[in-house]
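Colleague: I am new to this structure and would like to know the grounds for the words used about it. Please take me through them one at a time.

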Amino acid sequence: MQFHAMNRIPGRAALSAARPAVRLVSFQPGLPPRLPTVDPDSQCDCACFAVEGMELPRLSAPVSFYLELTPICNNRCPGCGNAFVEPGQRVIQPHDAPLSIEGWREILDQIKPYARRLKLTGGEPTLHPEFEAIVQEVASLNIPFMLFSNGRWAAPQRLVRFLGELPQFEGFLISLHGPNATSHEAFTATIGSFGQALTGVRTAVKAGLPVSLSCVLTRYNWPLVGLMADLAQELGAASLVFNRYIGPDASNLAPSPEALRVAVQQIVALRAAGQPVKLGNCLPTCFASTDQAGCLAGLAFFTVDPWGQVRPCNHATLNCGNLRQQSVAQIWYSPAMEQWRHIQPEACQGCPALPTCRGGCRAESLVRGADPLITALAVTGEAAPRQTVLFYGEARPVGRFERRPEAFGTLLLAGNRLYPVARRDERVLSMLDGQNTLRQIEARWGTAAVELVVSLYHQGMVDLQN
């Protein structure tokens with residue numbers, strides 16, 4: 001394997017340069033126009049943090065955690081993404097018994113000081129014998145959480161009613177791997193799972209709970225991206241997340257690179273047309289150009305498995321420690337986690353897209369030496385054209401974010417969005433209180449300050465009041 005160290009915390013200049021290409025040329029005169037629309041993806045319900053179009057500096061601690069409650073699942077997916085499943089088999093690796101409610105209390109106590117969002121997953125998380133008790137413990141932390149499930153619930157009405165009564169519950173991410181039983185069950189290897197998943201989705205939507213759908217692209221469903229988007233709309237899903245296939249080659253499920261590229265182009269086109277679809281896991285920029293950034297596993301979050309062991313992501317086989325014996329800080333700064341962060345395939349050396357692409361899938365690089373979708377073709381180093389935007393100069397920005405101090409300055413958090421702000425730009429944040437106009441901010445701190453406000457607006461972190 002050929003890995004190379006990545007750059008550490010970027011300086012102030014790097015943070016400023018990483019800002020998305022938005023430029024305010026002049027203010028709109030006269031009466032206030034209708035304000036521009038915020039990127040709809042800022043409201044994505046898949047619970048994966050995003051830093052669109054910019055580099056994320058080294059964080060002092062994770063902000064999100066994926067909790068794999070149980071290895072048990074009622075689907076038999078040969079392409080299961082869980083690293084604790086033997087490749088090509090449905091046999092769980094030998095371990096002690098998975099954590100009970102007492103064990104998960106220990107884990108939750110550890111992560112509580114850091115967590116801003118949680119994703120409960122599995123296996124199928126609802127099959128944990130103490131599922132409701134664990135969820136009650138999670139809810140007691142008063143931290144937003146969502147449930148990643150296959151939708152095949154023994155008692156759908158009971159589950160939906162139980163979760164719907166918890167204000168911390170943000171919604172479901174439900175696996176649906178195609179618009180029909182043939183394509184879906186080619187992945188789940190379980191007859192009847194398609195109909196049961198639809199029942200789960202419809203039950204949750206009817207109860208008014210947010211549902212996003214997760215679809216792994218396979219050789220059975222890649223031509224059906226449009227039909228899948230139609231089904232998501234028909235079901236009332238809030239968003240649809242497409243994921244590239246990451247799994248054992250022997251499963252014969254992965255689409256060819258050419259087919260995957262066609263599917264990605266369709267997804268990008270649907271997204272550009274305003275449909276609530278996105279790519280949920282990373283693709284190398286040299287393979288397909290999208291407007292989405294690379295994976296934040298090990299950079300903003302990590303995964304805790306059913307035994308308390310920590311991995312950077314659910315696909316990664318790299319064990320970085322155990323939260324029952326070590327602290328979050330010890331694991332976050334461990335040699336194994338540092339090894340993960342420094343993975344950089346040889347072909348990515350010097351590529352200008354690396355800060356946002358992040359070298360494709362690190363889990364694939366860990367196993368194969370490099371993400372197999374990296375084409376080794378040079379990505380153009382030309383800067384993207386800066387967008388000209390007109391805003392009403394008397395609009396008053398109001399910040400809608402949490403702040404966390406970091407070595408580089410301040411990390412802003414809102415929903416599933418992260419935004420690093422250099423120390424020299426923190427002075428602008430104090431003016432986002434609805435009392436100052438864009439003109440006043442520009443007069444005090446210059447055009448760069450207004451660029452920051454506009455960028456935060458497009459990330460859904462600032463409201464503009466007329």
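**Cysteines and helix packing**

Modeller: The model is a predicted one. Its count of disulfides is zero, the rule being a pair of cysteine sulfur atoms within 2.5 Å.

Colleague: What makes Cys313 a residue in no disulfide?

Modeller: The nearest cysteine sulfur belongs to Cys295 and is 5.9 Å away.

Colleague: Why is Cys313 called buried?

Modeller: Its relative accessible area is 9%. Buried means under 20%, and therefore Cys313 is buried. Cys361, with a relative accessible area of 5%, is buried because the cut-off is again 20%.

Colleague: Thr203 lies in helix H6. Is Thr203 buried or exposed, and why?

Modeller: Thr203 has 11% relative accessibility. Buried is under 20%, so Thr203 counts as buried. Apart from neighbours within four places in sequence, Thr203 is in contact with Pro156, Gln157 and Val160.

Colleague: Now the helices. What describes two packed helices?

Modeller: The angle between their axes and the distance between the axes. Helix H5 (residues 181-188) packs on helix H6 (residues 193-206) at about 105°, and their axes are 8 Å apart.

Colleague: Why is H5 called roughly perpendicular to H6?

Modeller: Roughly perpendicular covers 65 to 115 degrees. The angle is about 105°, so H5 is roughly perpendicular to H6. On the H5 side the contact is made by Ala181, His184, Glu185 and Thr188, and on the H6 side by Ser193, Phe194 and Ala197. By class, three of these residues are nonpolar, three polar and one charged.

Colleague: What makes H2 roughly parallel to H3?

Modeller: The axes of helix H2 (residues 101-111) and helix H3 (residues 131-140) cross at roughly 20° and come within 10 Å. Angles under 35 degrees count as roughly parallel, so H2 is roughly parallel to H3. Their crossing is right-handed.

Colleague: Which residues of H2 and H3 meet?

Modeller: From H2 they are Ile101, Trp104, Arg105 and Leu108, and from H3 they are Ala133, Ile134, Glu137 and Val138. This contact has six nonpolar, no polar and two charged residues.

Methods: Residues are numbered from 1 along each chain as its sequence is written. This is a predicted model: local features need pLDDT of at least 70, side-chain atom pairs count only at pLDDT 80 or more; totals for chains, interfaces and linings use all residues. Side-chain values use heavy atoms; hydrogens and water are left out. Buried means under 20% relative accessible area, exposed over 50%, partly exposed in between (1.4 Å probe, protein chains only). Axes are lines fitted to C-alpha atoms, for helices over the stretch in contact, and angles run from 0 to 180 degrees between N-to-C directions. Helices (H or I, at least four residues) and strands (E, at least two) are DSSP runs, numbered from the N terminus. Angles under 35 degrees count as roughly parallel, over 145 as roughly antiparallel, 65 to 115 as roughly perpendicular and the rest as oblique. Contact means heavy atoms within 4.5 Å. Ala, Val, Leu, Ile, Met, Phe, Trp, Tyr, Cys and Pro count as nonpolar, Asp, Glu, Lys and Arg as charged, and the others, Gly among them, as polar. A crossing is left-handed if the near helix is turned anticlockwise from the far one by less than a right angle, and right-handed if clockwise.
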